[in-house]
Amino acid sequence: MDALDRVVKPKTKRAKRFLEKREPKLNENNKNAMLIKGGNANATVTQVLKDMYALKKPYGILYKKKNITRPFEDQTSLEFFSKKSDCSLFMFGSHNKKRPNNLVLGRMYDYHVLDMIELGIEKFVSLKDIKNSKCPEGTKPMLIFAGDDFDVTEDYRRLKSLLIDFFRGPTVANIRLAGLEYVLHFTALKGKVYFRSYKLLLKKSGCRTPRIELEEMGPSLDLVLRRTHLASDDLYKLSMKMPKALKPKKKKNMSHDTFGTTYGRIHMQKQDLSKLQTRKMKGLKKRPAEKITEDQEKKPKRIKKN
């Protein structure tokens, strides 16, 4: 059994608070990512991990020491680090002759590897190489995906989901226009994924809505898809399951169309239209002779007794 699995009862209040933070919750904490350097990582891979850590702050942990592990062959060390640092996302960088400048992007479910996708770095421009102003730490980015592959191919569809998980940041209730500071743009074209980062500049336009300009901020990567380790459909569906307490309660006799319009169904008793109150008009008034005939029809007929 793991040393981390043996903890049953906390002995101090600090340990109790620590374990309570890791307990399952209806609204989970922000997803943290660990960035791990392989045993033979070169300068390019190391700089990529540093730049990704700069974008991911403060929801990231950068491991500076080299770790000799192979994620596609043995995942125990990744699962150990995930449990130790309470991270559900990871990025592993390595370099060898067979797979140069290699990145492995993945996520965990219940501290076990759910999805892993291997990407090769063909071209890289660092944050420090682009001499422009940068965004402050902890800024939530806007994500843009271009290319039909992200919607058609299963591998690219999972890659899109993985990238959204990795870079989305905390969930916010309201959005401020001045808080939209930078964009991460992913383009899938001819078997490659182009990763670009832009800073958003709000310029004067002479009206209420500002004019928007994009300025490249870095980092910039040209990536190629290599190996994949995807979860089965059943396991993937289980990981996406929503707790019953968070599911919206279904309201009876209410429906919504594609445009968001709400329709309600009302159940009423059968109406007697003869008693319906209408607008009184002189022309519709009954004459005295008509009233007498109606009264006679309503009266029950007397049966003569012999």
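This is a predicted model: local features need pLDDT of at least 70, side-chain atom pairs count only at pLDDT 80 or more; totals for chains, interfaces and linings use all residues.
## The annotated domain

An unreviewed UniProt entry places the feature "domain: Brix" at residues 31-234.

## A nonpolar surface patch

Four residues, L177, L202, I212 and L214, form a nonpolar patch on the surface. Together they have about 380 Å² of accessible area.

One of these residues, L214, lies in strand β9, which covers residues 211-216. L214 counts as exposed because its relative accessibility is 51%, and the cut-off for exposed is over 50%.

## A positively charged surface patch

A patch of positive charge on the surface is made up of K13, R14, K16, R17 and K21. Among them, R14 is found in helix α1, which spans residues 13-22. The relative accessibility of R14 is 69%, so R14 counts as exposed.

## A loop residue, R265

R265 is located in the loop between strand β12 (262-264) and helix α7 (288-298). R265 has a relative accessible area of 61% and is therefore exposed.

In sequence, R265 and N253 are 12 residues apart. In space, the distance between R265 and N253 is 5.1 Å, taken from C-alpha to C-alpha.

Technical notes
Residues are numbered from 1 along each chain as its sequence is written. Side-chain values use heavy atoms; hydrogens and water are left out. UniProt positions are given in the numbering used here, feature names are shortened, and annotations may be inferred rather than shown by experiment. Patches are made of residues with over 30% relative accessible area and no salt bridge: like charges are joined within 9 Å, nonpolar side chains (Val, Leu, Ile, Met, Phe, Trp, Tyr) within 5 Å. Accessible areas come from the Shrake-Rupley method with a 1.4 Å probe; for residues, only the protein chains shown count as cover. A salt bridge is a side-chain nitrogen of Lys or Arg within 4 Å of a carboxyl oxygen of Asp or Glu. Helices (H or I, at least four residues) and strands (E, at least two) are DSSP runs, numbered from the N terminus. Buried means under 20% relative accessible area, exposed over 50%, partly exposed in between (1.4 Å probe, protein chains only). Lys and Arg count as positive and Asp and Glu as negative; His and the chain ends are not counted. The place of a charge is taken as NZ of Lys, CZ of Arg, CG of Asp or CD of Glu.
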